[in-house]
Amino acid sequence: MWKKWAMALLLAASLSGCGYNAMQTQDEAANAAWSEVINQYQRRADLIPNLVKTVQGYAKHEKEVLTQVTAARARVGSIQMDASMATDEKKLNDFAAAQNQLGSALSRLLVVSENYPQLKADQSFRDLQAQLEGTENRIALARKRYIDSVQAYNSTVRTFPNNLTAMMFSLKTRPNFTVENEKAISTAPQVSFGEPEASK
């Protein structure tokens, strides 16, 4: 009987020294950080119906933009993502693309509001716009924390001797958020104050 206890203690001691516990802790931290990302995206989605309704009251002729926002929100709502799915790179990319599409549609909606001085002066619109801006900041912060958590976990999984433990328990690195248009944003914009070139 005592041999079984000794073996169990030896196994526990060897696991704690090989990085297994650190990997589990960091994986849970990444899951918690992902939950906060989802929480902030949900907060944004919850604000959209009120924002659309307020804009609709003033900008009835902007049906296309309002439809795009509503459709993008519906697409985001149709993608169910929990922490376990965030380890699937394709699902993570699909989720990020849908969120980017919604963000782009919201940007167009806010640009449209510039054409309607009465809408810009509406207190409820200004409140919703401020809440939306605050939410976008929270989303950026939540994504950064998630990226940091995944980086810590991936570093632990990939470094020696922890990588041996990771292989033994089939623990793999987690995918992270990427920039959809990385090539476009890495190229410096061309700024010219001269005459536009004639098309050739």
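Biologist: Is R44 buried or exposed here?
Modeller: In this predicted model, R44 is buried, with a relative accessible area of 3%, and that value falls under the 20% limit that is used for calling a residue buried.

Biologist: And where is R44 found?
Modeller: R44 is found in helix α2.

Biologist: Which residues is R44 in contact with, leaving aside its neighbours within four places in sequence?
Modeller: With those neighbours set aside, R44 is in contact with Q99, L102, G103, L106, L132, T135, E136 and I139.

Biologist: What do the side chains of R44 and E136 do?
Modeller: They meet in a salt bridge, with 3.1 Å from N to O. This pair links distant parts of the chain, as R44 is in helix α2 while E136 is in helix α6 (residues 123–158), 92 residues apart. E136 is partly exposed, with a relative accessible area of 29%, whereas R44 counts as buried.

Biologist: How many salt bridges does a search of the whole structure find?
Modeller: The search finds 5 salt bridges. One of them joins the side chains of D27 and R174, at 2.6 Å from N to O, and D27 and R174 are both buried.

Biologist: What about K144, which side chain does it meet in a salt bridge?
Modeller: The side chain of K144 meets that of D148, at 2.7 Å from N to O. Both residues lie in helix α6, 4 residues apart, which is about one turn of the helix. K144 is partly exposed at a relative accessible area of 45%, and D148 is partly exposed too, at 34%.

Biologist: Changing topic to rings: how many aromatic pairs are there?
Modeller: The count comes to 6 aromatic pairs. Y41 and F95 form one that is edge-to-face, with 5.5 Å centre to centre and 80° between the planes.

Biologist: Why does that pair tie together parts that are apart in sequence?
Modeller: Y41 lies in helix α2 (residues 20–58) and F95 lies in helix α4 (residues 89–113), so the pair ties together parts of the sequence that are 54 residues apart. Y41 counts as buried at 5% relative accessibility, and F95 is buried as well, with a relative accessible area of 4%.

Biologist: Which residues do ring pairs link into a cluster?
Modeller: The cluster consists of W34, Y41, F95, Y146 and F177, linked by ring pairs.

Biologist: What about the surface, which residues form a nonpolar patch?
Modeller: F160, L164 and M167 form a nonpolar patch on the surface, and together they have about 370 Å² of accessible area. M167 has its place in helix α7 (residues 162–168) and is exposed, with a relative accessible area of 57%.

Biologist: Zooming out, how many helices and strands does the protein have?
Modeller: The protein has 8 helices and 0 strands. Of its 200 residues, 34% count as buried, and the protein exposes about 13,100 Å², of which carbon and sulfur atoms supply 56%.

Notes
Residues numbered from 1 in each chain as written. Predicted model: local features only at pLDDT ≥ 70, side-chain atom pairs only at ≥ 80, totals over all residues. Heavy atoms only, no water. Phe/Tyr/Trp six-rings, centres within 6.5 Å; stacked < 30°, edge-to-face > 60°. Helix = DSSP H or I, 4+ residues; strand = E, 2+ residues; numbered from the N terminus. Buried < 20%, exposed > 50% of the residue type's maximum accessible area, 1.4 Å probe, protein only. Areas by Shrake-Rupley, 256 points an atom, 1.4 Å probe, with all protein chains shown as cover. Patch = residues over 30% accessible without salt bridge, like charges linked within 9 Å, V, L, I, M, F, W, Y side chains within 5 Å. Salt bridge = Lys/Arg side-chain N within 4 Å of Asp/Glu carboxyl O. Contact = heavy atoms within 4.5 Å.
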